[in-house]
Amino acid sequence: HHPSVVCLCRNVVSSVKLGCRLDLNVIAQKVWNVEFNPKVFRALTMRIRKPRTSAVIYESGSVVCTGAKSEEEARVAARRFARRLQKLGFPISFLDFRVRNVVGSCSIFPLSLERLRQHHHYEPELFPGLFYSVTPDITATIFPSGKVVFTGAKTSADIYTAFETIYPVLCSYRR
């Protein structure tokens, strides 16, 4: 009943354990697309172009990937980061890959958040969006323009389910 609305997966955050300790100084010297400033942050950031993602790599062998547009892309990216480190001679395993958070968004119609605010946390002087708890895990941030951002999902399907849940509510606050 809302065919014009497209929910897009914006960012998939995933993690993986590589099963060995990593020498971040060695990685920083041998790989060109990295940032490593141990005085500021004790982890190394590496980027790849396909899929366009970043990884925060810890000495413990834990890796957190961001920027993927789907769960499948997140897994491909994590494997590419692991492979790159394996080529430097580290005894890499690919353990416990997990999607931690899927962020999605859509745009609907302009909304009157003042009317909705009675039931939810909304302080426009502090932040223009209203936080709406859709499920115990998923929060929708709703803006007066009609932009809705979903965070906390574990799959892109969860984003669509959250949208289906919240859409009838938002219809009654159309501006």
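Domain bounds here come from an automatic or database domain assignment. In this predicted model, select residues 12-100 for domain 1 and residues 108-172 for domain 2. The centres of domain 1 and domain 2, taken over C-alpha atoms, are 32 Å apart.

Next, turn to the salt bridges, of which the structure holds 5. Start with Asp96 and Lys17, whose side chains meet with an N to O distance of 3.6 Å. Colour by accessibility: Asp96 is partly exposed at 35% relative accessible area, and Lys17 is partly exposed at 40%.

Now select Arg21 and Glu59, a salt bridge with its closest N and O atoms 3.0 Å apart. Arg21 is in the loop between β1 and α1 (24-30), while Glu59 is in the loop between β4 (53-57) and β5 (62-68), so the pair ties together parts 38 residues apart in sequence. Arg21 counts as exposed, with 57% relative accessibility; Glu59, at 34%, counts as partly exposed.

Last, select Arg47 and Glu35, whose side chains form a salt bridge at 3.0 Å, N to O. Arg47 belongs to strand β3 (residues 44-48) and Glu35 to strand β2 (residues 34-35), so this pair ties together parts 12 residues apart in sequence. Arg47 has a relative accessible area of 37% and is partly exposed. Glu35 is also partly exposed, at 47%.

Technical notes. Residues are numbered from 1 along each chain as its sequence is written. This is a predicted model: local features need pLDDT of at least 70, side-chain atom pairs count only at pLDDT 80 or more; totals for chains, interfaces and linings use all residues. Side-chain values use heavy atoms; hydrogens and water are left out. A salt bridge is a side-chain nitrogen of Lys or Arg within 4 Å of a carboxyl oxygen of Asp or Glu. Buried means under 20% relative accessible area, exposed over 50%, partly exposed in between (1.4 Å probe, protein chains only). Helices (H or I, at least four residues) and strands (E, at least two) are DSSP runs, numbered from the N terminus.
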